[in-house]
Amino acid sequence: MSKKPNQTELHNQYEELTEEEQRKILEKYDPESNTRDLKGIMLKVVFFGLLAFSLFQLYTAIFGQYTAYLQRSIHLGFALSLIFLLFPAFKKGKKEKRNKVPIYDIILSLLAVVVGLYWPIMQQELYYSVGNLSPLDLTVGILAVVLTLEATRRAVGLPITIIAVIFLIYAFFGRYFPGFLAHRGQDVESIVQLMFFTTDGILGTPISVSATFIFVFLLFGAFLVKTGVGEYFNDLAVSFAGHLIGGPAKVAIFSSALQGTISGSSVANVVTSGAYTIPMMKRLGYNKEFAGAVEASSSTGGQIMPPIMGAAAFLMVEFIGVDYWTIAKAAAIPALLYFAGIWIMTHFEAKRVGLRGLSKEEMPDRKEILKKIYLLIPIVGIIVLLMVDGVTTMQAALYGILLTIVVSAIKKETRMSIKDIIEALVDGARTALSVAAATAAAGIIVGVVVKTGLGLSLANGLISASGGNILLTLFFTMIAALILGMGSPTTANYVITSTIAAPAIITLLMLDMPEGAAIPVAIALSAHLFVFYFGIIADITPPVALAAMSAAAVSGGEPIKTGIISSKLAIAAFIIPYMFVLSPELLMIDTSLTQVVLVLITAMAGMISIGAGVIGYWYREVKWYERILAIIAGLLLIYPEGISDTIGLIIFVTLFIIQFVTRDKKHDKKKAMPAV
């Protein structure tokens, strides 16, 4: 009997990408990873700067935050100054130049420090000035706007920077715009006042969330990574899903869903998890594009996977006014359906093509894998803490960090040393830089929307364009979110669409309610989650599809084809948001346990039906008219309503019986043969 491979052998046998290869792919497709490779004194400056950033955030999280202006401006100052030292002005350049910081970036970094310290030093004068800006105030305010835009361009990307600039232009030249877009316009001083000397601009709600919840949760993720939990997710996924039909693809889905609990970046998830799963899929017979698409669609779903969702989910806390656990709980069934949809379609594709799972000899020893199951305790712990009344979101993250350190000490191989703890603090702060820049730029956009009344105007325009039809409004919103998401991070995309499109959705959903009635949580959450979902799915929607492009770079497949297959596998993400807006039971709000179980069962049956219709295989090849009926049945089953469920179930059961009775047994036996 052959010996089962240990974890190291398991990783080596699939020709994983080297760290250098992973880094190059990340630098190409993920602006957050395009940093300098510093050496010498500047490396130490950045290292201790990042460490100080984390210590400041931890101090205020534990002992209480400073006033809004101080907390946010210091957070901004740290982020901007470090971005100019870490991120080069241009992607392309000679390697030796990327090892050094040019003098102009040192100057920009020092100016960012001035911006960050201006409010703490001048707070008394600024409070007493009552909006009357001095020449120095005006200069620093302009500097803050310019530095924010440039830092965002470097750390986040050009598209969101252009959008922010367009909004600033709109604020200044408002009187020249046509129709409902016109407003009286703002002068330079008013714009600067709004952007840096109120909490409606750069120092507004988006960066407030970055300076509190998001940063601490990013630290929690960094500490988890240091315990080796990311690699453990891959090993755990192989041990439980590797032997199944199409096992390697299911490993990718399982692993990416777990990775999503500690990371909010689609591209980073693709490269980290895909470097292991994609070579495994290719080796066992999957073509390059399908292998990349499975990983891209699975990794993109990481941002909608509780307990740690994408950064925009934390913004939702402030925008809607509910606690984070309410949002995470509401996202649970949609996330489960998303990954179930990919799993089901991958299963049917594997049956159709005849792809096997891993053999017993290729499978790792499950008992050895389960010896490290304690690494999951911090994730379980933070879920429990988020459910406990009286424990704030910030406290849950802090306890999660502490629990991670304690749990890592159970075994010597995972135990975190002082060096590991310091490195986790540095890594967490590094991850937070792009989030801080994105939220600062988003603050510019929100400030203009609020000051000019653009949000209300566009919401009314959207309702008018759709003729008051909720489905058309949702469709227009989806298109806008997908287009914005092709060039903007989810955070900025969510901020724009939640301030412009979400109010239109909420208005239409409340037409039957008394005028002046409070917005129900179910309606607010469904509208905001709708724009949140489509902002994320843009990562796998061609032609840009950054997650699919990075997956293609790992697999060696054709990028556009990979993106198309990714969208096909993630079909649930294009359907479910419509369903939970029209029927919020899917969000588990104001529903009984019985209702939730019934909704989950019918929705799962719906995903099986849609999967069979999209892939074209169930127990045998599905004929064209059966595919249409299967998709219709699936849509009816996912929509949680008695009549639709009954009709959908009748069609589903009928198709199931026909498929099972007429199944091709010879085909199944032939397809069960191992791939050569």
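A residue counts as partly exposed when its relative accessible area falls between the 20% under which it is buried and the 50% over which it is exposed. By this criterion Tyr 625, at 40% relative accessibility, is partly exposed in the present model, which is a predicted one. Its partner in an aromatic pair is Trp 624, and the two rings lie 5.7 Å centre to centre with 90° between their planes, an edge-to-face arrangement. Trp 624 has a relative accessible area of 65% and is therefore classed as exposed, since this value is over 50%.

The structure holds 35 aromatic pairs. In one of these, the rings of Tyr 533 and Phe 580 have centres 5.5 Å apart and planes at 75°, and because an angle over 60 degrees counts as edge-to-face, the pair is assigned to that class. This pair links distant parts of the chain, with Tyr 533 in helix α25 (residues 521-537) and Phe 580 in helix α28 (residues 571-582), 47 residues apart. Tyr 533 is buried, with a relative accessible area of 2%, and Phe 580 is likewise buried, at 0% relative accessibility.

Ring pairs also join Phe 348, Trp 618, Tyr 619, Phe 652, Phe 656 and Phe 660 into a cluster. Charged side chains are placed over two rings of this cluster: Lys 351 lies over the face of Tyr 619, at 4.9 Å from the ring centre, while the charged end of Arg 663 sits over the ring of Phe 660, 4.2 Å from its centre.

The highest value among the regions compared belongs to helix α4 (residues 68-86), at a mean of 96, whereas the lowest is found in helix α1 (residues 7-12), at 49. Over residues 9-14 the pLDDT is below 50, and this stretch has 21 contacts in the model beyond near neighbours in sequence. The pLDDT is also below 50 over residues 670-676, a stretch for which the model shows 8 contacts beyond near neighbours in sequence.

Methods. Residues numbered from 1 in each chain as written. Predicted model: local features only at pLDDT ≥ 70, side-chain atom pairs only at ≥ 80, totals over all residues. Heavy atoms only, no water. Phe/Tyr/Trp six-rings, centres within 6.5 Å; stacked < 30°, edge-to-face > 60°. Helix = DSSP H or I, 4+ residues; strand = E, 2+ residues; numbered from the N terminus. Buried < 20%, exposed > 50% of the residue type's maximum accessible area, 1.4 Å probe, protein only. Lys NZ or Arg CZ within 6 Å of the ring centre and 35° of its normal. pLDDT = per-residue confidence, 0-100. Contact = heavy atoms within 4.5 Å.
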